[in-house]
Amino acid sequence: MRPDRVILNAKSPLINTPAWMALKTHFERVKKVHMVELFEQDPERFSNYSLQFNDMLLDYSKNRVTDETMQLLFDLAKQAGVEEWRDKMFVGDKINNTEGRAVLHTALRNRSEKPVFVDDENVMPLVDAELEKMKVFSDTVRNGDWIGYAGLPITNIVNIGIGGSDLGPNMVCRALEPYAHRSLRVHFVSNVDASHIEQLLRRLRPETTLFIVASKTFTTQETLTNAETAKQWFLDGAGRATEDDISKHFVAVSTNEEKVKAFGIDTKNMFRFWDWVGGRYSLWSSVGLASAIYVGMDNFIELLEGAHEMDQHFQETPLEENIPVILAMLGVWYGNFFDAESSAVLPYDHNLRMLPAYLEQADMESNGKSVDREGRQATYSTGKIIWGAEGINGQHAFYQLLHQGTRLIPTDFIASVQSHGNHDNHSQILASNFLAQTEALMKGRDIEETRQQLADANIELHKAENRLPHMIFGGNQPSNSIVIKKLTPRALGSLLAMYEHKIFVQGIVWNLNSYDQWGVELGKKLANDILDELESDEDLFEHDSSTKGLLDWFRDNLKES
Ligand code: F6P
């Protein structure tokens, strides 16, 4: 067997620290405790383990924790320096140490008068100027005053981007659909599979389409390929459009002015952001342009306000009552002590259906690391696998595994109480399912109760006894309930900022740099090499026999298509 190819001599010391060892000892004592017992012991458990923030309620009482567990988790957060690192982030210290960058998505939504400095420059005037530019542009498009080359207003907006330049604004548009302009449609193209853009373009007219090419680097192959295809479609499309008309139908969102120019987009049509904004944290910047046009700048500002309020909560609240900190430390508890591999996000709100996909990138690209900030091997688990889907649909699909599978999967159940829909009966059904699921996951159903239920259903005794083991639910599956009154732009802003800070806290506890993403580079480099081989039809690089065999198979079949 081939030995491990990554051998770092130095090991991260986290698991030998006092707070970690205290948690380890405590875990051995409490790991078998059932939550049903905890609820029986403490009739006030809900009020002791829930918090309110504006219109949001966090109930974390259905977790396998005691007061002592929480105290030890807060001790670990303090030992890791969460408060100090948090303060460094907010003042613009270059906490992204491998890239030498500040991490200031919070400045994009800084609604206070406080300046924020990067390299001695107050960046708030830059942020405000860009917001103003977004406002003017989005108002113009929304009012029908942005006129295309054929004299018609814009009706369709196509955001071309991928990763953080797609998932954030896409998710925001879906989440805030009830606030959308009624005669504008917004589309997102991310996949370089031509099917994605072609299927969309077939439904659009060049005269009334606006493309937003969003890319922090403006070097991302998928985005630039799609943007070129869109440009060609535009020029070929109606026959009358010329290169000069591109400026009426293409705008760019980027940090890279040179590349935007090289692509052929006039820089007066460029919306800027800065290298201190990570791609997956960029929806608050001009990357949010598509969403700002779709829901209007006032709603976009509300989104920023909501996030800013959560930033203040995160900055000012003691760890013990700090929502992102609590969620983060519960995640550490399950990931590092119970060895939970994954964590599910289950929104009971159709408009939040893209939240799991968005959080997959936010969390896993941030904390999917095995080397600590100092370059030492992490000898403990770091970022969990984040997954999920609309809760109610999941009930009829994968919840079986949550209830009776062999794995511990902590869950976030998210609901908005007041639906944007007009049918109260739907809301009540949705709410009842939300409440029932977390209760069932926690309580389970023991053998006596199950036997009784079979008897009540008049199932013959021998059949009942056969069925019995299959109908028992162990319960003790932890969940957080995050309930918001209504999914407004403000509430969405707070919810998203809450998750960003949760990810931050976990990164600090695991001593990671959550703001780089070197792990995506190797695949990009190999893909470029292989592209050369596909285009030239020559073998230019050495490959293992699997990759070589597959490459040949692709070559043969691509020729046929
Ligand atoms: O390859 C990963 C990544 O760099 C993400 O971090 C980023 O959100 C995405 O690609 C898109 O990058 P860009 O906005 O530079 O096109």
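A polar side-chain atom of S215 lies 2.6 Å from an oxygen atom of the ligand in this predicted model. A polar backbone atom of K216 is 2.7 Å from a ligand oxygen atom, and a polar side-chain atom of Q361 is 3.2 Å from an oxygen atom of the ligand. The protein buries 88% of the 390 Å² that the ligand exposes when taken alone.

**Ligand site**
- The ligand takes up the space of the largest pocket.
- Around the ligand are 13 residues, and the closest are S165, S215, K216, T217 and T220.
- By class, this shell has eight polar, three charged and two nonpolar residues.

**Largest cavity**
- The model has four cavities of 30 Å³ or more, and the largest cavity has a volume of about 140 Å³.
- Its lining holds 18 residues, with G331, S343, K384, P410 and K502 nearest the centre of the cavity.
- At least two lining residues come from each of α15 (323-337), β12 (411-418), β13 (479-486) and α22 (489-509).
- The most, four residues, come from α15.
- The lining of the largest cavity divides into seven nonpolar, seven polar and four charged residues.

**Second largest cavity**
- The second largest cavity holds about 60 Å³ of space.
- Its lining consists of S343, A344, V345, L359, D363, I386, D412, Y499, K502 and I503.
- Six nonpolar, three charged and one polar residue make up the lining of the second largest cavity.
- S343 and K502 line the second largest cavity and are also among the residues nearest the centre of the largest cavity.

How values were computed. Residues numbered from 1 in each chain as written. Predicted model: local features only at pLDDT ≥ 70, side-chain atom pairs only at ≥ 80, totals over all residues. Heavy atoms only, no water. Near = heavy atom within 4 Å. Polar contact = N/O pair within 3.5 Å; in protein donor to acceptor, adjacent residues only side chain to side chain. Areas by Shrake-Rupley, 256 points an atom, 1.4 Å probe, with all protein chains shown as cover. 1 Å grid on protein atoms, 1.4 Å probe; cavity = no way out; pocket = protein on both sides within 12 Å on 5 of 7 lines; lining within 4 Å. Sits in = over half its atoms within 2 Å of the grid points. Nonpolar A, V, L, I, M, F, W, Y, C, P; charged D, E, K, R; others polar. Points joined across faces, edges and corners; volume = space filled by probe spheres on them.
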